Amino acid sequence: MIRIAFTSIGPISLSRRVNMRAIIIGATGAAGRDLLNALLRDDSFRQIHIFVRRAPDLRHEKLQVHVIDFDQPAQWRQLVKGDVLFSCLGTTLRAAGSKEAQWKIDYEYQYQFAGAARHNGVQHHVLVSSGFASPKSRFFYTRMKGRLEAAVKALDFEKLTIFNPPVLVRKNSDRAAEVAGVKFIGYLNKIGMLRTQRPLPTEILAQAMINAAKRKENGLVVLGGQAIWKAARAE
């Protein structure tokens, strides 16, 4: 695999490929919902397959919903087929209830899906990770995300795009710490600090993910901070 890591880039070179089949896990979360809605509007994608615990209240001719038990990969792994896997699954420690439960959702489920996709010939994996992700991080969350990145890289996809977003701006978020973080970083941005880490609306992340899925180049691309904003504007 060609390995290219970026923290800031110029416009991504997009292919004119059409009739792509997308796979999403995490389609019911804030970023996943914005991604799904954008994909349904995008003529480059003919089918969108989502794998969920509960079916969303959404119907569309392009949408295929797979209600699955994530703990039973033998029941779904053969269905993970397409051109690109978008992985934006995740939870909080508070919602999960324990580090072990969060690890299962944020690491194990995503890695199992990535492995199934790679086995089934999916060429491109687009992974939403976290800002400051590192396998050696002192903090559980960023260490978990860093280890996931390392594990997915080892699967050797033809194309792998990893997003390391700053704090996300989610519509109607009930994550108190996240809302407070957005306000605090927004204040620092106004006084000229942490400009590269300005809060990122989930709809901007979604568009950047779609543009990344259309990129021509093979290999690894890592996008964080301002590079994600630029990727969303790629033409």
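A residue is called buried under 20% relative accessible area, exposed over 50% and partly exposed in between (1.4 Å probe, protein chains only). The model is predicted, so local features need pLDDT of at least 70 and side-chain atom pairs count only at pLDDT 80 or more, while totals for chains, interfaces and linings use all residues. Residues are numbered from 1 along each chain as its sequence is written, and side-chain values use heavy atoms, with hydrogens and water left out.

The protein has 235 residues, of which 49% count as buried. It contains seven helices and ten strands; these are DSSP runs numbered from the N terminus, with helices (H or I) of at least four residues and strands (E) of at least two. Among contacts (heavy atoms within 4.5 Å) between residues at least 6 apart in sequence, 71% join residues at least 24 apart.

Strand E5 (residues 84-87) is covered on both faces. Val-84 and Phe-86 lie on one side, Leu-85 and Ser-87 on the other, and all four are buried. In a regular strand the side chains alternate between the two faces of the sheet. Strands count as paired if DSSP finds at least two bridges between them. E5 pairs in the parallel sense with strand E2 (residues 20-25) over four bridges. E5 and E6 are also paired in the parallel sense, over four bridges. Leu-85 takes part in both pairings: it is the bridge partner of Ile-23 and stands opposite His-125 in E6.

A nonpolar core is a set of buried Ala, Val, Leu, Ile, Met, Phe, Trp, Tyr and Cys residues joined through side-chain atoms within 4.5 Å. The largest such core holds 37 residues, and Ile-24, Phe-45, Ile-48 and Phe-86 touch the most other members. At least two residues of this core come from each of E2, helix H1 (30-41), strand E3 (45-52), E5, E6, H6, strand E10 (219-224) and helix H7 (226-232). H6 gives the largest share, seven residues. Ile-24 touches Leu-35, Leu-36, Leu-39, Ile-48, His-49, Ile-50, Phe-51, Phe-86 and Cys-88, not counting residues up to four places away in sequence. Another core, of 29 residues, lies apart from the largest one; among its members are Ala-117, Phe-140, Leu-160 and Leu-220.

Helix H1 has twelve residues and spans 17 Å from first C-alpha to last, close to the expected 16 Å. The expected span is 1.5 Å times one less than the number of residues. Nine of the twelve H1 residues are buried, so the helix is largely enclosed by the rest of the structure. These buried residues pack against E2, E3, strand E4 (63-67), E5 and H6. Helix H6 (residues 202-213) also has twelve residues and reaches 17 Å, close to the 16 Å expected. H6 is mostly covered, with nine of its twelve residues buried. Among them are Leu-205, Met-209 and Ile-210.

Two loop residues have positive phi. Phe-132, although not a glycine, has a phi of about 65°. Phe-132 sits in the loop between strand E6 (124-128) and helix H4 (140-153). At 68% relative accessibility, Phe-132 counts as exposed. Asp-156, also not a glycine, has a phi of about 60°. Asp-156 lies in the loop between H4 and strand E7 (159-164). Its relative accessible area is 35%, so Asp-156 is partly exposed.
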